[in-house]
Amino acid sequence: MLSIRLARNGAKKRPFYHIVVSENDRIPTGRAIEVLGFVNPIAQNGETVRIDADKAKAWIAKGAQPSKTVLELFKKNSIL
């Protein structure tokens, strides 16, 4: 089963997350099928969230299930 979830990147105490599509049984930081965007929670100015809405909608139409956090991000950014 495919899932859309956050994959942590960045350095210690400086988190940076990619929004990825991956198999459910793989570890979140493992190889992703596709990267849909990013979340930068510590950005002072500039872009904190970027989501490719067309790709996200296409993956949901194919049956990928977003995680709870990603679902909230999609609702907040008017993707769902």
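This is a predicted model: local features need pLDDT of at least 70, side-chain atom pairs count only at pLDDT 80 or more; totals for chains, interfaces and linings use all residues.
Trainee: Thanks! Let me begin with the sheet. What is the order of the strands in the open sheet?

Mentor: Strands of a sheet pair through backbone hydrogen bonds, either parallel or antiparallel. For pairing, DSSP has to find at least two bridges between two strands. Here 5 strands form an open sheet in the order S4-S3-S2-S1-S5, and the pairing is mixed. S4 and S5 (65-66) are the edge strands, each pairing on one side only.

Trainee: Which strands run antiparallel to each other, and how many bridges join S1 to S2?

Mentor: S1 (residues 2-11) and S2 (residues 14-23) run antiparallel and are joined by 10 bridges.

Trainee: Now the turn between S1 and S2. How many residues lie between the strands of that hairpin?

Mentor: The hairpin has 2 residues between its strands, and Lys-13 there takes a positive phi near 65°. Lys-13 is not a glycine, despite that positive phi. To describe its surroundings we need cut-offs: buried means under 20% relative accessible area, exposed over 50%, and partly exposed in between (1.4 Å probe, protein chains only). Lys-13 is exposed, with a relative accessible area of 72%.

Trainee: Which residue takes a positive phi just after H2?

Mentor: That is Ser-78, with a phi of about 60°. Ser-78 is not a glycine either, and it sits in the segment after H2. With a relative accessible area of 61%, Ser-78 counts as exposed.

Trainee: Is Asn-40 buried or exposed?

Mentor: Asn-40 is buried, at a relative accessible area of 18%. Its place is the loop between S3 (34-39) and S4 (49-51). Contact means heavy atoms within 4.5 Å. Apart from neighbours within four places in sequence, Asn-40 is in contact with Pro-15, Phe-16, Glu-47 and Thr-48.

Trainee: On to the helices. Which strands does H1 lie across?

Mentor: Angles run from 0 to 180 degrees between N-to-C directions, and axes are lines fitted to C-alpha atoms, for helices over the stretch in contact. H1 (residues 53-61) lies across S1, S2, S3 and S4, at about 125° to S3. H2 (residues 68-76) lies across S1, S2, S3, S4 and S5, at about 90° to S1.

Trainee: Which residues of H2 are buried?

Mentor: An α-helix has 3.6 residues a turn, so residues three or four places apart point the same way. In H2 the buried residues are Val-70, Leu-73 and Phe-74. Seen down the axis, they fall within an arc of 100°, so they line one face of the helix; the arc is that of the directions from the helix axis to the C-beta atoms. Lys-68, Lys-75 and Lys-76 are exposed on the other side. The buried residues of H2 pack against S1, S2, S3, S4, H1 and S5.

Trainee: Finally, how many residues does the largest nonpolar core have?

Mentor: A nonpolar core is a set of buried Ala, Val, Leu, Ile, Met, Phe, Trp, Tyr and Cys residues joined through side-chain atoms within 4.5 Å. The largest has 14 residues, and those with the most contacts inside it are Ile-4, Ile-19, Leu-36, Ile-51, Ala-56, Trp-59 and Phe-74. At least two core residues come from each of S1, S2, S3, H1 and H2, and H2 gives the largest share, 3 residues.

Notes: Residues are numbered from 1 along each chain as its sequence is written. Side-chain values use heavy atoms; hydrogens and water are left out. Helices (H or I, at least four residues) and strands (E, at least two) are DSSP runs, numbered from the N terminus.
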